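User: I would like to learn how to read the features of a protein model step by step, with the general idea first and the particular case after it. Could you take me through one?

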Amino acid sequence: MTRHIRKAAVIGAGVMGSGIAAHLANAGVPVLLLDMVPKDVEGNGGGAATVTKAKSRNALVDSAIAKLKKQKPAPLATKSTISLIETGNLEDDFDKLGEVDWIIEVIVENLDAKKALFTRIDAVRKPGTIVTSNTSGISIKAMAEGRSEDFKRHFLGTHFFNPPRYLKLLEVIPTEETDVEVVSFVRDYVENTLGKGVVEAKDTPNFIANRIGTYGLLVTVHEMVKKGYSVGEVDSVTGPLIGRPKSATFRTLDVVGLDTFLHVAKNVYDETTGDEQAMFDPPTFMKEMAKKGWIGAKSGQGFYLKK
Ligand code: NAD
């Protein structure tokens, strides 16, 4: 069968979803970008904590679009690229998912939330529509549990890296039930249309890059707590001194989002025991910061203040 991605949808307009939507638009693909209706919009019970005093039902996506226009390095290839991104919310615009050829889930790193969304998607998607998850490491098979046969055959992980326009790697994670034709199409499409280098990963907690990356970061942070180093000291040794001017330990966490990082560490914590598990248990100070909402650039306060 010949497939075409005439239009895609990205669900979740946070750090990654907005960047992935921009990257698709850069490649000339029209995109529908949806997020929840913020909880402080009158008469609505859902929503995320990151936007307060929302003025409209599309406020989460609107604020993501405003950020895309200002962010550096620029997620959008040109100013007019934004016109390829149609915005909406998960209550009023959900049925529009029936019109697209590829749906990319990019919501909070939580199995129950993702499963609830896939149940809704299964009911509106047209048969044959590819559905992928940008999860950092939740089991792809577990997310597909309970879904229709057609959904399972067209479902896999497509793990983009942050920032999506600039980082070349993309992990593709099929399950045993994903059609070989779908995996091959997605690989070819992301390589040739989206300009990515693809690595196929097994459906194990945190796949490849995050299994290694989360471990390395937590080794550093546990050692810092033991030895009493400061955030600045750790960043200078794990950043400029080893030739990574912008991606030192805590600066990376501010870009990723500490809330997301804690969820990603938990993906492996839940599947391990003993010393290995202890390594994936982040120190208390990180959990305390997340509770206060000091989660990085997206909230304005992380290990560093957003300038
Ligand atoms: P984020 O917190 O910036 O955005 C998450 C979005 O999900 C928010 O806009 C929020 O409104 C929405 N959301 C929250 N709960 C929801 C629900 N119950 N139903 C529908 N929408 C809901 O997170 P992010 O960093 O963009 O991460 C999104 C996904 O991408 C996660 O699975 C994460 O592991 C993965 N990821 C993140 C990074 C990174 O560097 N941050 C990199 C690669 C992959």
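Analyst: What follows goes through helices, cores, domains and a few backbone details in turn. This is a predicted model, in which local features need pLDDT of at least 70 and side-chain atom pairs count only at pLDDT 80 or more, while totals for chains, interfaces and linings use all residues. Residues are numbered from 1 along each chain as its sequence is written.

User: How are helices defined here, and how many residues does helix α1 have?

Analyst: Helices (H or I, at least four residues) and strands (E, at least two) are DSSP runs, numbered from the N terminus. The expected span of a helix is 1.5 Å times one less than its number of residues. Helix α1, residues 15–26, has 12 residues and reaches 17 Å from its first C-alpha to its last, close to the 16 Å expected at 1.5 Å a residue. After α1 comes G28, whose phi is positive, near 90°.

User: Which residues of α1 are buried, and what covers them?

Analyst: A residue is buried if 20 or more other C-beta atoms lie within 10 Å of its own, exposed if 12 or fewer, and partly exposed in between, with C-beta atoms placed from the backbone. The buried residues of α1 are V15, M16, G17, S18, G19, I20, A21, A22, H23, L24 and A25. Their cover includes the strands β1 (8–11), β2 (31–35), β3 (85–89), β4 (102–105) and β6 (155–160), together with helix α2 (59–70).

User: What does the UniProt record say about residues 1–27?

Analyst: UniProt positions are given in the numbering used here, feature names are shortened, and annotations may be inferred rather than shown by experiment. The unreviewed UniProt entry carries the annotation "signal peptide" over residues 1–27. In the model, the chain over residues 1–27 is 44% helix and 15% strand, with its end C-alpha atoms 23 Å apart.

User: How should I read a nonpolar core, and which residues touch the most other members of the largest one?

Analyst: A nonpolar core is a set of buried Ala, Val, Leu, Ile, Met, Phe, Trp, Tyr and Cys residues joined through C-beta atoms within 7 Å. The largest has 56 residues, of which A8, A9, V10, A21, V31, L33 and I103 touch the most other members. The largest share of this core, seven residues, comes from α1. A second, separate core of 18 residues includes L217, F250, V256 and V264.

User: With what is V31 in contact?

Analyst: Two residues are in contact if their C-beta atoms, placed from the backbone, lie within 7 Å. Leaving aside neighbours within four places in sequence, V31 is in contact with A8, A9, V10, A21, L24, A25, L84, I85 and E86.

User: Which residues of helix α9 are buried, and against what do they pack?

Analyst: Helix α9, residues 249–256, is mostly covered, since seven of its eight residues are buried. Those buried residues are T249, F250, R251, T252, L253, D254 and V256, and they pack against α7 (209–227), α8 (231–238) and α10 (258–269). G257 follows α9 and has a positive phi, near 105°.

User: What are the domains, and how many residues are in contact between them?

Analyst: Domain bounds come from an automatic or database domain assignment. That assignment gives domain 1 (8–200) and domain 2 (209–299). On the side of domain 1 that touches domain 2 there are four nonpolar, six polar and two charged residues, where Ala, Val, Leu, Ile, Met, Phe, Trp, Tyr, Cys and Pro count as nonpolar, Asp, Glu, Lys and Arg as charged, and the others, Gly among them, as polar. In all, 12 residues of domain 1 are in contact with 12 residues of domain 2, and the C-alpha centres of the two domains lie 25 Å apart.
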